[in-house]
Structure formats: structure tokens, C-alpha cells
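Hi,

Here is the structure I promised to pass on. Have a look at it first, then read my notes on its salt bridges below.

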Amino acid sequence: MAKQGQTDRDREPTGLDSKGLEGLTAAVNQATTSAPPGRKGLPPVHLWNPPFCGDLDMRIASDGTWFYMGTPIGRPALVRLFSTILKREDGKHFLVTPVEKVGIRVDDAPFLAVEMQKQQDNRGRLLRFRTNVDDWVDCEKGHGLRFEVAADGGLTPYLHVRADLWAKVTRALYYDLVDMGEERMIDGRQMFGVESGGEFFAMADAKQVRDAL
């Protein structure tokens, strides 16, 4: 781990970092292929609690681009592989194998929700989202939407993917959500939001939304 005052470039490399990108890929491949599948076939990172080995020079930008040593990782399959061993603890993101845990930087959310499908089931409308690493997530209880006020005063939606990992919903999909939104009384307050999977996900106070339109 970098000492106070050190930059990522100056710090001593971790065990995974010193392997370089190809070595890191091999280590992650070994960890994921040798482990029994967890939730939805993913490695059981929730069961892995290895020692912390420092911070890795890896960053996920707010647009979903992954960087290693300052260079974008241009191989989608590699990004997908790394995404399967992501873990979040105490507000910080890590890559975890059974033997090592290294910290990475995430500018906003680790995933992007880039596609949405509208379906119907016995609960009514079901929204399904595809992330930038090709995970499909049904928007329902346990995988809900939350809305945060953005710097420009608008709203930014986030979808719960798994554990404490979230996907930022793209602006285009946000407008689609607004188009299908409706008003409902929630705890005595008129709210504007969207329904999916039998749940109502409130965006904002209905009057504020009307005044903004």
C-alpha cells in the first residue's frame, strides 16, 4: 500500500501488480476457474477474505472505462473477467482472489446500465437492464433503482447489481424511465417514480418534477 505522500506510480507494487496485466489476468483466471460458482455462476467472492495486499494501479472511470497503469483496457473479455472478482467493503472497491485482495479506484459506480428491456410477468411491468460487462439484471426487490441529485441539479439513477455493487444508468435510459414514470402517494407524500417487478422506485417529489418539466 502506498505510504502517505506517495503517488500510485511511486508506490511499491503489490503481488498482483508486479505480475503485469498478463500475469494479473492469469492469476484471476486461475482463481475464477478453480472456484465453485457462486451467485449466477460468478466466483464466490463473498466467501473470500484474503489479506489486503495494497492498492493496484487500476481505475474504473465514470464512463465505465477500465484503466490499468493509466492505459485503457481495450479487451472487453478482460474487463468482464476482472468485473467478476469485484468486491466493495466500507465504501472502497477491491479485486479479490482466494489469496489476495487489492484496492482499485472507482470514480463513480463500477458498472454502467447501457440497455433496457420492458417485459411483463405476473407482477406487471418488469424492466431488465444490461450492464457494460453483459450482466442482465432484473429491476425488482433486492435489485432496485435509487436516484441521486447530480451536480447540475438533475437526477442520476443507479441500479443495484449485486452485493454492494451498483451500475449507473445512462442518460438515454434515464429519459426512458422518466417517460414511463407516474405519480404515487408514498408515506403521505406525492412522489414521481417508476414501477418494475412489483416495486415502485421513487425518483423525486412529484411537484418538483412537474415544476422542472
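A word on exposure before anything else: buried means under 20% relative accessible area, exposed means over 50%, and partly exposed is in between (1.4 Å probe, protein chains only). By that scale aspartate 108 is partly exposed, at 30% relative accessibility.

Some background: this is a predicted model, where local features need pLDDT of at least 70, side-chain atom pairs count only at pLDDT 80 or more, and totals for chains, interfaces and linings use all residues. Residues are numbered from 1 along each chain as its sequence is written, and side-chain values use heavy atoms, with hydrogens and water left out.

Now the salt bridges (a side-chain nitrogen of Lys or Arg within 4 Å of a carboxyl oxygen of Asp or Glu). The count comes to 18.

Aspartate 108 pairs up with lysine 168, at 3.3 Å from N to O. Aspartate 108 sits in the loop between S6 and strand S7 (111–121) and lysine 168 in strand S12 (residues 165–169), so this pair ties together parts 60 residues apart in sequence. Strands here are DSSP runs of E, at least two residues, numbered from the N terminus. Lysine 168 is buried, at 18%.

Another bridge joins arginine 105 and aspartate 57, with the closest N and O atoms 3.6 Å apart. It links strand S6 (residues 101–106) to strand S1 (residues 52–60), 48 residues apart. Arginine 105 is partly exposed at 40%, while aspartate 57 is buried at 5%.

Finally, Arg80, Asp135 and Arg162 are linked in a salt-bridge network.

Cheers

Technical notes. Helix = DSSP H or I, 4+ residues; strand = E, 2+ residues; numbered from the N terminus.
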